[in-house]
Structure formats: C-alpha cells, structure tokens
Amino acid sequence: MAVILGIESSCDETSAAICIDGEIKSNIIASQAIHANYGGVVPELASRAHQQHIIPTVDQAVQHAKIHKNDINAVAFTRGPGLLGSLLVGTSFAKSFALARQIPLMEVNHMQAHILAHFIEDPKPAFPFLCLTVSGGHTQIVLVKDYFEMELLGQTLDDAAGEAFDKTAKILNLPYPGGPLIDKYAKEGNANAFKLPEPQISDLNFSFSGLKTAILYMVQGEEKKNPNFLSERMADVCASVQSRIVSILLNKVKKAAKETGVKQVAIAGGVSANSGLRQALLDMGTRYGWEVFIPKFEYCTDNAAMIAIAGYQKYLKSDFVGQDVAPLARMHV
Ligand code: KG4
Ligand code: ZN
C-alpha cells in the first residue's frame with residue numbers, strides 16, 4: 001500500500017494531504033488572512049505563518065485520513081516555483097520527516113501539480129491534452145504529453161492572469177486576493193458596460209499589463225465625472241474586466257487547439273475557480289467539439305492534494321530525491 005503525505009507551501013497557503021493508492025483521503029488548507037491588509041502576499045510574513053501552521057496542518061491531514069503517522073511510507077513536497085522563504089518551510093519539514101522515518105522523498109513542481117490535479121477524480125483526461133494554467137504567478141498554455149512530460153506552448157510576457165485580477169481589485173479598492181471578489185461582483189454586472197482592449201499578440205503568449213493601465217485610466221476618468229463611480233458601478237466594472245480577461249485567455253486556447261489538433265482541453269490553477277472562465281470554456285467546448293476538464297473548486301487554488309497525487313505517480317516510478325534537494329524559486333513545467 002502506498003500512503004503518501006503531500007506538503008504544499010509555495011505561496012500563502014500551508015497545506016497537507018494524504019493519498020492512499022492514488023486516492024485522496026484528506027486535504028487540509030490553512031490560509032493566511034494577514035496578507036489582506038497589505039494588498040498582496042508579504043513573503044516574510046508568509047514564511048513565518050507557514051512555520052506556525054505546518055505541524056498542526058499535517059496532524060489534521062493524518063487525523064482526517066484516519067491513519068497513523070507511522071503508516072505514511074513516502075513524502076512529496078513542492079520544490080518550486082514559489083516564494084523561497086515559503087518553499088523552505090515545506091521542504092525542510094518534508095526532508096526532516098523522511099529522514100526521521102527513513103522513507104522516500106519526492107520533489108514536485110507546483111505548476112505540474114496544478115495540471116495533475118485533474119488525476120485526483122474522474123473524469124480524467126487522456127494524454128495528450130491541452131491545459132490552460134492560470135494562477136497568481138503564472139499564465140501558461142501547456143501541451144501535456146505524459147504525467148511529467150509537458151511542453152510550454154505559450155505564457156505571459158508580463159502579469160499573470162491572477163495578478164490582472166488582483167491588481168484590478170487594488171484599483172477598485174477591493175482587498176487581496178481580488179479574483180474571488182471580482183468574480184462575485186461580476187455576476188450582477190453587465191459585461192458590455194465598459195470597452196477594454198484586447199492585446200494583439202500573434203503567437204500563443206499573453207499580456208495583461210496594457211489591460212491594467214486601461215482599467216486604471218478608465219476608472220480615473222469616470223471618477224472625475226462622478227466621485228461615486230466605483231460604488232455605483234462596481235458590478236459593471238467587474239463584469240467588463242472579467243469578461244475581457246476570460247476572452248484574452250480563451251482566444252489563445254482556441255488558437256492552441258486549432259494549431260495542435262488536440263481536442264481535450266483542461267484548466268488549472270487559482271483563476272480556474274473563476275465562474276466566468278468555467279462557463280465560457282464549457283460553451284466553447286460545446287461549440288468546437290472539445291472534451292473539457294474543469295477541476296473541483298478545492299483543487300483549483302493551492303492545495304496539497306495535487307502535490308500528493310503528483311507524488312503518487314513519482315512513487316510508482318521510484319522517482320525519489322535525496323536529502324541534498326533544495327527548493328527553487330523558479331522552475332519550468
Ligand atoms: O493557484 P493559486 O491559488 O496560487 C498561486 O500559485 O498563485 O492562485 C491564486 C490566484 C490569485 O490571483 C486569486 O485572485 C486567483 O487565483 N483567484 C481567482 C478566483 N479565485 C482565485 N481569480 C478569479 N476568479 C476567482 N474566482
Ligand atoms: Zn498555485
């Protein structure tokens with residue numbers, strides 16, 4: 001029996017999960033509310049909060065899975081990409097745990113894990129499939145050929161899609177993380193209320209910095225005419241912004257599907273929790289005859305279940321690392 005403990009600590013969630021023979025038995029996530037006061041994640045505070053949360057989070061994951069710590073026979077952890085100080089906490093914990101118990105250690109790439117979250121539950125995609133991975137730090141279109149064989153087809157040239165949501169939220173005086181709030185307001189608004197530009201980039205890469213500037217100028221201009229603009233039109237602004245971010249993302253997915261001929265399309269990462277993106281992808285799938293894969297909400301944002309499931313695939317191949325492994329702030333898919 002393979003009982004795997006997964007550990008995630010790349011950004012501002014401390015998470016631990018237990019996977020038994022490829023099935024997730026628990027997935028505990030401790031979020032860090034402290035960053036809301038600062039409009040973004042403060043790396044030093046994140047690292048300290050991980051230190052406080054890691055042991056209780058692992059204890060809870062073990063309890064929820066109804067196992068004993070002694071039953072765990074391998075540990076998987078996020079090696080990167082992410083904030084170095086945050087990664088260090090999970091990495092050090094995982095290494096110590098493996099060393100003390102003399103069990104194997106598996107390193108996991110966080111961006112690959114977001115994609116491999118699709119293997120937690122049915123229906124699972126078959127290889128090859130396309131995945132749009134959209135998070136607070138990354139925006140990528142990936143051709144997934146096998147569990148750990150992935151080709152990057154396109155990525156952002158500046159801000160990530162999650163950053164576009166979070167930076168817009170800052171302009172709109174909404175707290176961090178802004179994505180979920182923009183999503184909420186957008187449900188009540190008119191997506192055609194404000195016209196926002198779509199960047200003209202010919203390949204499969206993305207750009208969001210022009211959009212951010214356009215939103216800033218639009219809001220400043222409207223506030224000059226009406227100081228209550230934001231409170232009166234918040235829903236319409238959010239709906240217009242969300243609709244533009246979604247169309248930027250999905251127009252590139254459409255292009256990638258056309259160029260590769262691949263008809264299985266998945267989304268992953270924190271922004272894949274966005275209801276506008278989920279619905280638009282479903283609609284596009286119906287229109288173009290794609291099979292669409294959308295993760296459950298709990299597996300969209302950062303979680304250790306995806307680390308444990310990726311670790312399980314490595315365990316099957318005996319793809320282990322030694323105690324000399326170190327976290328990496330930058331890693332490619
Ligand atoms: O994958 P994730 O949890 O962490 C990173 O690895 O970055 O992604 C976090 C990002 C944040 O930018 C957050 O605003 C965004 O995902 N996000 C959303 C939604 N839920 C989370 N963006 C849009 N709509 C949402 N519902
Ligand atoms: Zn992530």
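Reader: In this predicted model, which residue of strand 7 does Thr 133 stand opposite?

Author: Thr 133 stands opposite Gln 140 in strand 7.

Reader: What makes strand 6 and strand 7 count as paired?

Author: Pairing requires at least two bridges between the strands.

Reader: In what order do the five strands of the open sheet lie?

Author: The order is 8-7-6-9-10, with mixed pairing. From one strand to the next, the twist averages 25°.

Reader: Why is one side of strand 8 and of strand 10 left without a neighbour in the sheet?

Author: Strand 8 (149-155) and strand 10 (291-293) are at the edges, and each has a single partner strand; therefore one side of each has no neighbour in the sheet.

Reader: Why is helix 5 called roughly perpendicular to helix 7?

Author: Helix 5 (residues 178-186) and helix 7 (residues 229-260) pack at an angle of about 110°, their axes being 7 Å apart. Angles of 65 to 115 degrees count as roughly perpendicular, and therefore helix 5 is described as roughly perpendicular to helix 7. Their crossing is left-handed.

Reader: Which residues of helix 5 and helix 7 meet?

Author: From helix 5, Ile 182, Asp 183, Tyr 185 and Ala 186 meet residues of helix 7 including Met 234, Cys 238 and Gln 242. By class, this contact has eight nonpolar, one polar and one charged residues.

Technical notes:
Residues are numbered from 1 along each chain as its sequence is written. Chains are lettered from A and ligands numbered from 1 in the order in which they are written. This is a predicted model: local features need pLDDT of at least 70, side-chain atom pairs count only at pLDDT 80 or more; totals for chains, interfaces and linings use all residues. Axes are lines fitted to C-alpha atoms, for helices over the stretch in contact, and angles run from 0 to 180 degrees between N-to-C directions. Helices (H or I, at least four residues) and strands (E, at least two) are DSSP runs, numbered from the N terminus. Angles under 35 degrees count as roughly parallel, over 145 as roughly antiparallel, 65 to 115 as roughly perpendicular and the rest as oblique. A crossing is left-handed if the near helix is turned anticlockwise from the far one by less than a right angle, and right-handed if clockwise. Two residues are in contact if their C-beta atoms, placed from the backbone, lie within 7 Å. Ala, Val, Leu, Ile, Met, Phe, Trp, Tyr, Cys and Pro count as nonpolar, Asp, Glu, Lys and Arg as charged, and the others, Gly among them, as polar.
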